[in-house]
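Biologist: Can you walk me through this one? I'd like to start with pockets, then the surface.

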Amino acid sequence: MAQAQGLGKKYIKAFFKGFFVAVPVTVTFLDRVACVARVEGASMQPSLNPGGRQPSDVVLLNHWSIRNYDVQRGDIVSLV
């Protein structure tokens, strides 16, 4: 029984250690590199949601290109 409690504490400690590493890494990645966003409505038609068949599209927003000022003609830019 004492071994089981020691093993449980070991797993809980490993979970929290992984959690406190994974959360900051994930937040930094989503803030600096890229994130996923949903485009809803007719504002981006016909590029996104062509013909209104789907209620929304999912897109990857590339933060890296914006930080390096690598925006070219024809790129879709999302503003918050």
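Biologist: Which residues lie nearest the centre of the largest pocket?

Modeller: Keep in mind that this is a predicted model. Leu61, Asn62, Ile76, Val77 and Ser78 lie nearest the centre. The lining has 21 residues.

Biologist: What volume does the largest pocket have?

Modeller: About 560 Å³.

Biologist: And how do the lining residues divide into nonpolar, polar and charged?

Modeller: 13 are nonpolar, four are polar and four are charged.

Biologist: Which strands and helices each supply at least two residues of that lining?

Modeller: Strand 1 (34-40) and strand 2 (56-62) do, and so does helix 2 (63-67).

Biologist: OK, surface now. Which residues form a nonpolar patch there?

Modeller: Ile12, Phe15, Phe16, Phe19, Phe20, Val23 and Val27. Together they have about 710 Å² of accessible area.

Biologist: Take Phe16. Where is Phe16 found?

Modeller: In helix 1, which covers residues 2-32.

Biologist: New topic: charges. How many salt bridges does a search of the whole structure find?

Modeller: One. Asp31 pairs with Arg32 in a salt bridge. Their closest N and O atoms are 3.8 Å apart. The cut-off is 4 Å.

Biologist: Why can side chains like that pair?

Modeller: Side chains of opposite charge can pair when their charged atoms come close.

Biologist: What relative accessible area does Asp31 have, and what about Arg32?

Modeller: Asp31 has 40%, so Asp31 is partly exposed. Arg32 has 41% and is partly exposed too.

How values were computed: Residues numbered from 1 in each chain as written. Predicted model: local features only at pLDDT ≥ 70, side-chain atom pairs only at ≥ 80, totals over all residues. Heavy atoms only, no water. 1 Å grid on protein atoms, 1.4 Å probe; cavity = no way out; pocket = protein on both sides within 12 Å on 5 of 7 lines; lining within 4 Å. Points joined across faces, edges and corners; volume = space filled by probe spheres on them. Helix = DSSP H or I, 4+ residues; strand = E, 2+ residues; numbered from the N terminus. Nonpolar A, V, L, I, M, F, W, Y, C, P; charged D, E, K, R; others polar. Patch = residues over 30% accessible without salt bridge, like charges linked within 9 Å, V, L, I, M, F, W, Y side chains within 5 Å. Areas by Shrake-Rupley, 256 points an atom, 1.4 Å probe, with all protein chains shown as cover. Salt bridge = Lys/Arg side-chain N within 4 Å of Asp/Glu carboxyl O. Buried < 20%, exposed > 50% of the residue type's maximum accessible area, 1.4 Å probe, protein only.
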